[in-house]
Amino acid sequence: MTRFFTVTSVLALGFATTAVAADAPSKADVLNTYANIAEAKYDDSLIAAKSLQAAVNALISDPSDATLNAARAAWVAARVPYQQTEVYRFGNAIVDDWEGKVNAWPLDEGLIDYVDASYGGPTGENEFAALNVIANPTFELSGKTIDASTITPELLGETLHEADGIEANVATGYHAIEFLLWGQDLNGHGAGAGNRPYTDFVQGDDCTGGNCDRRAQYLSAATDLLVSDLEWMADQWKQGGAARAELNANESAGVSAILTGMGSLSYGEQAGERMRLGLMLNDPEEEHDCFSDNTHNSHYYDGLGIENVYLGHYTRTDGTPVGGASLSDLVIATDPSLDAEMKAKLANTMRALGQIKSTAEAGFAYDQMLERGNEGGEALIMGGVNGLVDQTKTIERIVTALELDQIEFEGSDSLDNPNAVFH
Amino acid sequence: MRAIVLALSLTLPVGAFAQDRLPILTDTVNAHILPGYAALAEATQTLATAAQTNCDPMSAALRAAYHTAFDDWISISHLRFGPSEVDDRAFALAFWPDTKGFTPKALTSLISAEDAAIQSSAAFAETSVAGRGFFALEQMLYDPQFSQLGSEDYRCALIQAMAKDINLNASAINADWEVYAANLTSPGETSPYRSENEAMQELYKALITGLEFTAETRLGRPMGTFDRPRPKRAEARRSERSLRHVALSLTALRDLAARLSADHPDIAADLDGAFAAAIGRAQSLDDPAFEGVATAQGRFRIEALQQSINDIRAIASAELGPTLGINAGFNSLDGD
C-alpha cells in the first residue's frame with residue numbers, strides 16, 4: 001500500500017513540474033474542510049430532526065390542523081440540511097451503508113398504512129406492498145409470525161424495513177414520516193399534495209382512518225429512530241469519528257472520495273434515477289418527495305450540497321459559516337481554467353434547479369411538470385438534468401487532472417492482491 | 001505476467017498520454033459502432049413491416065422479426081452515449097429493469113383507455129417509455145395478461161405503433177451517428193470530447209459499464225439472494241431471452257475490448273481468454289430464462305457465469321484502464 005502511493009506521488013510530482021506551480025493547499029487541509037462541513041451538516045440535520053420530533057410529539061398529544069401543519073413545516077425544514085449531506089453518500093462507505101435507513105426511496109407506502117383503492121394490492125415484485133402494519137398487529141413474514149402489537153423503533157428498523165429483501169419496503173426515515181404526515185397525493189398531475197386529515201391522529205371516537213393509536217405510535221417510533229440514526233452519523237464526523245478516520249486513511253483516496261460523491265450523486269442518482277426517469281415515465285408519484293410535493297427543494301439542496309463541498313464553504317442553519325481550504329483551491333493550483341469551468345457548471349446547475357424551485361413555489365408543482373406533453377415542465381426538469389450531466393463531465397476531468405486515476409484501481413476489490421504486484 | 005504489465009503501466013503513464021489513439025478510435029467507430037446501429041435500423045424496419053403485415057402475437061414472421069431486432073439492440077446496448085441518449089431514445093427502446101412494474105401498468109392504461117396517442121408517431125413518442133420499446137412489445141406478444149385485454153383492434157394497432165416507434169428511434173440514432181462519429185474521431189474544442197483521451201474514456205466506460213450491467217443486473221437481479229432467488233426478474237424471460245442477452249452482450253463487449261486493447265497484445269490476450277471462458281459458460285448453460293436460480297445446482301452454475309464476467313471486469317479495470325491511462329469515470333449505474 002505504502003509503496004504504491006510512493007510510486008503514484010512521484011508520478012504526480014513529475015506532472016506538477018510541467019503544470020502550474022501555484023500555492024496548492026495540502027490534501028490534508030482540503031479533507032479537513034470537507035469533514036468539518038460534513039460534521040456541521042449532519043449536526044444541522046440532527047438539530048432539525050429534533051425540532052421535527054418536538055412537533056410530532058405536539059401533534060400526537062394535541063392533534064389539530066395547527067399541530068399537523070407545524071409538524072409538516074418542521075419536516076420541510078429538516079430536509080434543507082439533510083439533502084445537502086447527500087453529496088457525502090457515494091464517496092464514503094460509512095454513509096452509503098447507513099443512508100438507506102433515513103432516506104430510502106421510492107417506497108410502497110401500503111406497507112405502512114391505509115392507501116387508496118387505486119394503489120392496488122401486493123405485487124409480483126413485492127408481496128408486502130399492501131401489508132398495512134398500522135392496521136395489523138400480527139403478520140407473517142418469511143414463514144414467521146411477527147408480533148407488531150407495539151410499534152417500536154426496533155420493529156421498524158430491524159423487521160419491517162426492507163422486509164423480504166425488498167428495497168421498496170421502506171419502513172423508516174424521512175419518506176416514511178412524510179407519508180404519515182401528508183398521506184398519499186391523490187391529485188395525479190393536478191395541483192395539491194397529500195391531504196391526510198389531523199383526525200387520523202385523534203384518539204377515541206373521532207379517529208379517522210382507523211387505528212389512530214397505532215398510527216401515532218408508528219409516527220413517534222419512526223421520528224425517534226430518525227433522530228437516533230442522525231445522532232450516530234453526526235458522531236462519526238466529529239474529531240476522532242470513524243468517518244473522518246476512514247477519509248484521512250489515505251489522502252489521495254480521500255480527495256477521490258469527494259469527487260466520487262459529487263459525480264455519482266450528480267449523474268447516476270440525481271440526473272438519472274430521480275429526475276429523468278420520472279419524466280420519461282410521466283408518473284406523478286415518481287418524484288422524490290411525492291407525498292409532500294417538496295421534490296423541488298430536495299433536488300435544489302442536493303445540488304447546493306455538491307456545490308458547497310467543491311467550494312469548501314457551507315452556511316449552517318443558524319447562519320454560522322464553515323469553510324477552509326477547498327477542492328476548488330486544489331484544482332486552481334493544477335489547472336485554473338478547469339476550476340473556472342467547474343464553478344461555471346455548478347452555477348449553471350444551481351440556476352436550473354433554482355428555476356424548478358421557484359416555479360414550484362409559484363404553484364406549478366413538480367408532479368405537474370411530469371405530465372405527458374407538458375413542454376414547459378419537461379424543459380424545466382431537463383434543464384436540471386442537463387446541468388448535472390454536464391458538470392459530471394468536468395468532475396471526470398478533475399479526477400484526471402489531479403492524477404487520481406489510479407485510486408479506483410488501488411481500491412478495486414476485484415483484484416486478487418493489488419499490493420503483491422509492487423513488491 | 002500480470003505483475004509485469006501492471007508495473008509497466010505505472011511507470012509509463014506519460015507514454016500512455018502520448019499514445020496515438022486515433023487508429024483505435026476510428027476502428028471502433030467504423031467497425032463496431034456504426035455497423036451495429038445500421039444493423040439495428042435495418043432489423044427494426046423489418047420488424048415494423050412484419051407488424052404492419054400481421055399483428056397477430058402468434059405470427060411466426062412477427063416473432064422472428066422481434067427476436068432479430070432485439071438481438072441487434074442487445075449487441076449495441078452498451079453504447080449508451082451521444083445519439084442513443086437524445087430524446088431518451090435508448091430508454092424508449094428498452095426500459096429495463098422495471099423495478100416497479102411500470103410496463104404492465106402503462107400497457108393496461110393505454111389499452112383500457114384506448115389511448116388515441118397510438119394513432120400518431122409523434123403523440124406515441126410522448127407517452128411513457130415503459131409502454132414502448134422491446135420490453136413492452138414482448139409483453140404484448142408473449143404475456144397472456146395482454147392477449148385478451150381490451151379490444152383486438154386496439155391491441156393490434158398498439159403492436160404496430162410500438163414496432164414503428166422502435167424503428168423510428170433506431171433509425172434516428174443511426175442517422176445521428178453518421179454525424180456524431182466525427183466527435184470521437186476528431187475530438188477537440190468543437191466536440192464533446194476535448195481530447196483523444198476523453199474520446200477513449202467514453203469507449204472504455206462503455207466496456208466497463210456494459211460488463212457491470214450484464215453481471216450485476218442481467219444476472220444479479222434474477223439471482224437475488226440464496227434464500228430469496230428472483231427468477232421472475234430475469235430480463236425478457238417471457239420470450240426466454242435472458243441467457244441469450246448475456247451471451248450476446250458478452251460477444252459484443254469482447255469485440256469492443258479487442259479493439260480497445262489492440263496496441264497491447266498481452267492484455268488483449270488476457271481479455272480474450274476471459275471472454276472465451278465466460279461465453280463458454282453461457283453457452284453450456286441450458287437455462288434460457290434463468291429459472292435455475294431457484295435451485296441449488298442451477299444457481300451454482302449461474303454464479304459461476306457471473307464470476308467469470310467479474311474476472312473480465314478485473315482485467316479490464318486493473319490492466320486495460322491503467323495501461324491506456326484512462327479511468328472509468330461515472331456511469332448511470334452509480335446511483336442506488
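This is a predicted model: local features need pLDDT of at least 70, side-chain atom pairs count only at pLDDT 80 or more; totals for chains, interfaces and linings use all residues.

Student: Why does Ser142(A) count as exposed?

Tutor: Ser142(A) has 10 C-beta neighbours inside 10 Å. Residues are numbered from 1 along each chain as its sequence is written, while chains are lettered from A and ligands numbered from 1 in the order in which they are written.

Student: What makes Asp293(A) buried?

Tutor: Asp293(A) has 22 other C-beta atoms within 10 Å, so it is buried. Asp293(A) lies in the loop between α9 (251-281) and α10 (295-311) of chain A; helices (H or I, at least four residues) and strands (E, at least two) are DSSP runs, numbered from the N terminus.

Student: What is noted about the phi angles of Ser142(A) and Asp293(A)?

Tutor: Most residues other than glycine have a negative phi. Ser142(A), although not a glycine, has a positive phi of about 50°, and Asp293(A), also not a glycine, has a positive phi of about 55°. Ser142(A) is placed in the loop between β1 and β2 of chain A, a hairpin with two residues between its strands.

Student: What makes β1 and β2 of chain A a pair?

Tutor: Two strands pair if DSSP finds at least two bridges between them. Strand β1 (residues 138-141) and strand β2 (residues 144-147) of chain A have four bridges, in the antiparallel sense, and therefore meet that criterion. Glu140(A) stands opposite Thr145(A) of β2(A), and Leu141(A) opposite Lys144(A) of β2(A).

Student: Which peptide bond ending at Pro106(A) is cis, and which one ending at Pro97(B)?

Tutor: Most peptide bonds are trans. The bond from Trp105(A) to Pro106(A) is cis, with omega near -5°, and that from Trp96(B) to Pro97(B) is cis, with omega near 5°. Pro106(A) is found in the loop between α4 (93-103) and β1 of chain A, whereas Pro97(B) is in the loop between α5 (89-93) and α6 (102-113) of chain B.

Student: Why is chain A called as compact as a globular protein of its length?

Tutor: Chain A contains 15 helices and four strands. The radius of gyration of chain A is 23 Å, close to the 22 Å that the globule rule gives for 423 residues, so chain A is as compact as a globular protein of that length. The radius is taken over C-alpha atoms, and the rule is 2.2 Å times the number of residues to the power 0.38. The C-alpha atoms of chain A fill a box of roughly 80 × 50 × 45 Å along the principal axes, and buried residues make up 52% of its 423 residues.

Student: How do you know that chain B agrees with a compact globule?

Tutor: For 336 residues a compact globule would have a radius of gyration near 20 Å; chain B has 21 Å, which agrees. Chain B has 13 helices and zero strands, and 50% of its 336 residues count as buried. The C-alpha trace of chain B spans about 70 × 50 × 35 Å along its principal axes.

Student: What is the predictor's confidence in chain A?

Tutor: Chain A averages a pLDDT of 90, and 90% of the residues score at least 70; pLDDT is the predictor's confidence in each residue, from 0 to 100. Over residues 1-21 of chain A, however, the pLDDT is below 50, and it stays under 50 over residues 407-423 of chain A.

Technical notes: A residue is buried if 20 or more other C-beta atoms lie within 10 Å of its own, exposed if 12 or fewer, and partly exposed in between; C-beta atoms are placed from the backbone. Two residues are in contact if their C-beta atoms, placed from the backbone, lie within 7 Å.
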